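Welcome! Please look over the sequence and the 3D view below, then try each exercise before reading its solution.

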Amino acid sequence: MRLEPKQIVIVGAGTYSETVIELAEACDLRPIALYDDDRSKHGETLCGIPILGSVDNMLAGCVEGRAFAVAIGNNSVRRRIASRIRSLGGNTPPLVHPTATISPSAVLNQGIIVQAGAVIWTKAV
């Protein structure tokens, strides 16, 4: 018997989000919603997934116990949003494509995104 994939919310609704959606699906997660601060995208869909509102709307809602992937290219913004999600009880699981090669001595922390074909070498942190 196959279990239903766990749900995940994607933060960001740009080009990078499309790759993260596909990665989440490859990791047996089901993206259910997107949030983006670009108001012109609200009410639209990306890869068939609804863009429900802004990041602030998302953070004001039910974050606790939910899984999130922050698909924003700006490192400091991505780190700030991921930290806020975790402080509210949300989870930012590592997303590692099944075809990635990961050294047994590598340490993959919360929120890491490892795409198809990537190689994470010995003792990488």
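**Exercise 1. Find what share of the 125 residues in the protein is buried.**

Solution. Buried residues account for 37% of the 125 residues in the protein. Here, buried means under 20% relative accessible area, exposed means over 50%, and partly exposed is in between (1.4 Å probe, protein chains only).

Before going on, two notes on the source. This is a predicted model, in which local features need pLDDT of at least 70 and side-chain atom pairs count only at pLDDT 80 or more, while totals for chains, interfaces and linings use all residues. Residues are numbered from 1 along each chain as its sequence is written, and side-chain values use heavy atoms, with hydrogens and water left out.

**Exercise 2. Describe the overall fold and dimensions of the protein.**

Solution. 
- Step 1: list the elements. The protein has three helices and nine strands, where helices (H or I, at least four residues) and strands (E, at least two) are DSSP runs numbered from the N terminus.
- Step 2: Starting at the N terminus, the elements read β-α-β-β-β-α-β-α-β-β-β-β.
- Step 3: check the dimensions. Along the principal axes, the C-alpha atoms fill a box of roughly 40 × 35 × 30 Å. The radius of gyration is 14 Å, which agrees with the value near 14 Å for a compact globule of 125 residues; this radius is taken over C-alpha atoms, and the globule rule is 2.2 Å times the number of residues to the power 0.38.
- Step 4: look at contacts along the chain. Of the contacts between residues at least 6 apart in sequence, 45% join residues at least 24 apart, a contact being heavy atoms within 4.5 Å.

**Exercise 3. Work out where S17 sits and what it touches.**

Solution. 
- Step 1: S17 belongs to helix 1 (residues 15-26).
- Step 2: S17 counts as buried because its relative accessible area is 1%.
- Step 3: beyond residues up to four places away in sequence, S17 touches I10, G12, L34, L46 and A71.
- Step 4: a polar atom of the S17 side chain lies 3.3 Å from the backbone nitrogen of A13. A polar contact is a pair of N or O atoms within 3.5 Å; within protein, one must be able to donate a hydrogen and the other to accept it, and residues adjacent in sequence count only if both atoms are side-chain atoms.

Now turn to T19, which is also found in helix 1. T19 is partly exposed, since its relative accessibility is 34%. The C-alpha atoms of T19 and A71 are 8.7 Å apart, although 52 residues separate them along the chain.

**Exercise 4. Compare the places and exposure of D37 and S54.**

Solution. 
- Step 1: D37 lies in the loop between strand 2 and strand 3, while S54 lies in the loop between strand 4 (49-53) and helix 2.
- Step 2: D37 counts as exposed because its relative accessibility is 53%. S54, with a relative accessible area of 13%, is therefore buried.
- Step 3: D37 touches H42, S54, V55 and D56, leaving out residues up to four places away in sequence.
- Step 4: the D37 side chain reaches the backbone nitrogen of V55 at 3.0 Å.

**Exercise 5. Look at the phi values of D28 and C47.**

Solution. 
- Step 1: recall the background. Most residues other than glycine have a negative phi.
- Step 2: D28, in the loop between helix 1 and strand 2 (29-35), has a positive phi near 65°. Its relative accessible area is 33%, so D28 is partly exposed.
- Step 3: C47, in the loop between strand 3 (45-46) and strand 4, has a positive phi of about 55°. C47 is partly exposed because its relative accessible area is 48%.

**Exercise 6. Which residues does G65 touch?**

Solution. 
- Step 1: G65 is in the loop between helix 2 (55-60) and strand 5 (68-70).
- Step 2: G65 is exposed, since its relative accessible area is 62%.
- Step 3: not counting residues up to four places away in sequence, G65 touches G89 and G90.
- Step 4: G65 and G90 are 25 residues apart in sequence, and their C-alpha atoms are 5.1 Å apart.
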